Amino acid sequence: MAWERNVVIKNQAELEIMRAAGRINALALQAVREAIAPGVTTGELDKIAETVIRDHGAIPAFLGYPGPTPYPATINSCVNEEMVHAIPGKRVIQEGDLVSIDCGTVYQGFVADSAFSVGVGEVSQQVRTLLEVTSKALEIGISKLRAGNRVGDVSAAIQKHVESFGFHVPREYTGHGVGRKMHEGPQVPNWGLPGRGMVLRPGMTIALEPMVLIGTPYTRVQADQWAVSSADGSLTAHTEHSVAVTDGEPWILTAV
Ligand code: MG
Ligand code: MG
């Protein structure tokens, strides 16, 4: 994609719609989060998200998304070594699992895109650290989404935080602009150099999504051609918000 030619600045009315889409997406993710427990299948979580989205007059954004095959579900449900894009189904959540849920909603023509990772029941100290680092990476990245900063300032801040714990960010999967399309410009990698890349402007809307791997930066696409796992099978986590750049503070569109 020609990322830099696909930057769309939104006006206030459009941002309000994106906020409404983001709230619905947040409610869907909140319902999924509350349902995550040992014995629940990822397919059941998918139905919960779809129901919340449709009950609000919105549409699942991932459903039918073009790929090797049209994406068949509402959420991505990743467990442990799975990082992004895993299709929900019969997999049963177990005590101690690390679960990452990504969800998208289309409302009045605009997309919201957000994700979270959570530990199930008692998890290891390593999982707790990974979850904290991933959440903090998103928080730090969002704090850099300010008019006048450059994309590289955001990317570098995320990378620096993650790598300071000896963890890794993947190179092949990135954050992105979001709006009428799920993927617009600019591309926002989780690695980069400060002072480089596009200057951020008010009205840009960005789905910022740190992905963190414990073992190496390398990933592997699974046999279904959708799910992406860490290449070495080690744990990964993923968190995401759609955020508007404003004249002042960044505006998180996908918060509850
Ligand atoms: Mg997402
Ligand atoms: Mg995204």
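Predicted model: local features only at pLDDT ≥ 70, side-chain atom pairs only at ≥ 80, totals over all residues.
Asp-102 lies in strand 4 (residues 98-107). Glu-240 lies in the loop between strand 12 (236-238) and strand 13 (241-244). The pair therefore ties together parts that are 138 residues apart in sequence.

Are these two residues buried or exposed? Asp-102 has a relative accessible area of 6%. The cut-off for buried is under 20%, so Asp-102 counts as buried. Glu-240 is at 0% relative accessibility and is buried too.

The magnesium ion (ligand 1) and the magnesium ion (ligand 2) are 3.2 Å apart. Asp-113 coordinates both.

Now turn to the aromatic rings. A ring pair is described by the distance of the centres and the angle of the planes. How many aromatic pairs does a search of the whole structure find? It finds two. In one, the rings of Phe-62 and Tyr-71 have their centres 6.4 Å apart. Their planes stand at 85 degrees, so the pair is edge-to-face. Both Phe-62 and Tyr-71 are buried. The rings of Tyr-71 and Trp-226 have their centres 5.0 Å apart and their planes at 80 degrees. Because planes over 60 degrees apart count as edge-to-face, this pair is edge-to-face.

The pair of Tyr-71 and Trp-226 links distant parts of the chain, 155 residues apart. Tyr-71 sits in the loop between strand 1 (59-60) and strand 2 (75-79). Trp-226 sits in the loop between strand 10 (219-221) and strand 11 (228-230). Tyr-71 is buried, at a relative accessible area of 3%. Trp-226 is buried as well, at 10%. Ring pairs link Phe-62, Tyr-71 and Trp-226 into a cluster.

The charged end of Arg-33 sits over the ring of Phe-116, 4.2 Å from its centre.

Five strands form an open sheet in the order 7-6-8-13-14, with antiparallel pairing. Which strands stand at the edges? They are strand 7 (184-188) and strand 14 (251-252). Each has a single partner strand, so one side of each is left without a neighbour in the sheet. Strand 7 pairs with strand 6 (residues 175-177) in the antiparallel sense, over three bridges. Gly-175 has Val-188 in strand 7 as its bridge partner.

How values were computed: Residues numbered from 1 in each chain as written. Chains lettered and ligands numbered in written order. Heavy atoms only, no water. Phe/Tyr/Trp six-rings, centres within 6.5 Å; stacked < 30°, edge-to-face > 60°. Buried < 20%, exposed > 50% of the residue type's maximum accessible area, 1.4 Å probe, protein only. Helix = DSSP H or I, 4+ residues; strand = E, 2+ residues; numbered from the N terminus. Lys NZ or Arg CZ within 6 Å of the ring centre and 35° of its normal. Donors = N, O, S within 2.8 Å, 3.2 Å for Na, K, Ca; no water. Pairing = 2+ DSSP bridges.
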